[in-house]
Amino acid sequence: MSQTPLIQILFLSVGLFFIGMYGLLTRRNVITMLMSIELILNSVNINFVAFNKYLYPHQLEGLFFTIFIITIAAAEAAVAIAIIINLYRSHHSVDVEDANELKW
Amino acid sequence: MDASLIIFYCIAAFILGAAFLAVTSAKIFRSAIWLLFSLIGIAALYYWMDVQFIAAVQTIVYVGGIVVLIIFSIFLTHNANDNMPKPPVMRQVFAGLASLFGIALVLHLVYHHSFTTPTGAALNGDVANIGTLLISTEKGGYALPFELASILLLAAMIGCIVIAMRKGSANVNSVE
């Protein structure tokens, strides 16, 4: 191992990613699935910042990717919540098992 | 083991513990609050990595924006005191096995990969530098993605209003 804590940060982000994955696979409520997706996006952001800081410190690409990912995550969360509220109005539930009109 | 590494382990334990409680808690409002703590922990990790601007953006956008939106939507669609139904045991077991297998695979790959760490240069992540590059049109500038992000945010805003708009009271209960 090196003197930089890059490997520990990668372990942390792997753990965070798969905790989000576990939530996405077990939960059936749209809002909690959205929370799991936020955790996964955050683990990716940690990776971008850590690689930029410890492997390519003369560039700023990772920081800019993180900034744009945060922007897109905000837009995505807003649209997702509009869809959830609309789904609740028509189905009186936010469970993905209840929204099966498009199921063949 | 020096002090900064000990601080890192504390932050990491906080993030992972809060994230695990966020995906397993039975009450949805508690789940949202644990997500909030996990995101605050990630902002602390960015401070620890000495990228203050990203830490500030994380705090403002995630903690102040997205979590508040999620809590609003919980209050619009749930009774916050109700327990969510527990997922079936088989699904829990298989999701846990899939996650553990993924963790083992990726940790194995990361652990046996030798990263070549450069020496000398330090990351210059101060706000003036980031701001100059963000609206620079030169090579390596980010003016085009910046403008695209503003168009994306405008489109998302209009889309949210259109999707969530109530189209008269007649078809509120219609499923089609």
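User: What makes the pair B:Arg91 and A:Glu97 a salt bridge between chain A and chain B?

Analyst: The rule asks for a side-chain nitrogen of Lys or Arg within 4 Å of a carboxyl oxygen of Asp or Glu. In B:Arg91 and A:Glu97 the closest N and O atoms are 3.8 Å apart, so the pair meets the rule. The count between chain A and chain B is one salt bridge. This is a predicted model: local features need pLDDT of at least 70, side-chain atom pairs count only at pLDDT 80 or more, and totals for chains, interfaces and linings use all residues; side-chain values use heavy atoms, with hydrogens and water left out. Residues are numbered from 1 along each chain as its sequence is written, chains are lettered from A and ligands numbered from 1 in the order in which they are written.

User: How many salt bridges are there over all chains, and which partner does A:Glu97 have within chain A?

Analyst: Over all chains the count is two. A:Glu97 also pairs with A:Arg28, with the closest N and O atoms 3.2 Å apart. A:Glu97 lies in the segment after helix H3 (61-91) of chain A and A:Arg28 in the loop between H1 and H2 of chain A, so the pair ties together parts 69 residues apart in sequence. Helices here are DSSP runs (H or I, at least four residues), numbered from the N terminus.

User: How many residues are in contact, and how much area is called buried?

Analyst: Contact means heavy atoms within 4.5 Å. By that rule, chain A gives 74 residues and chain B gives 82. Buried area is the accessible area (1.4 Å probe) that two parts lose on being put together, summed over both. Here it is about 6900 Å², and carbon and sulfur atoms give 78% of it.

User: Why is one space called a cavity and another a pocket?

Analyst: On a 1 Å grid over the protein atoms alone, a cavity is a set of points where a 1.4 Å probe fits but cannot get out; a pocket is an open set with protein on both sides within 12 Å along at least five of seven lines. One cavity of 30 Å³ or more is counted, and the largest cavity holds about 40 Å³. The largest pocket has a volume of about 480 Å³.

User: How confident is the predictor in chain B?

Analyst: pLDDT is the predictor's confidence in each residue, from 0 to 100. Chain B averages 87, and 94% of its residues score at least 70. The model scores ipTM 0.91 and pTM 0.89.

Notes
1 Å grid on protein atoms, 1.4 Å probe; cavity = no way out; pocket = protein on both sides within 12 Å on 5 of 7 lines; lining within 4 Å. Points joined across faces, edges and corners; volume = space filled by probe spheres on them. Helix = DSSP H or I, 4+ residues; strand = E, 2+ residues; numbered from the N terminus.
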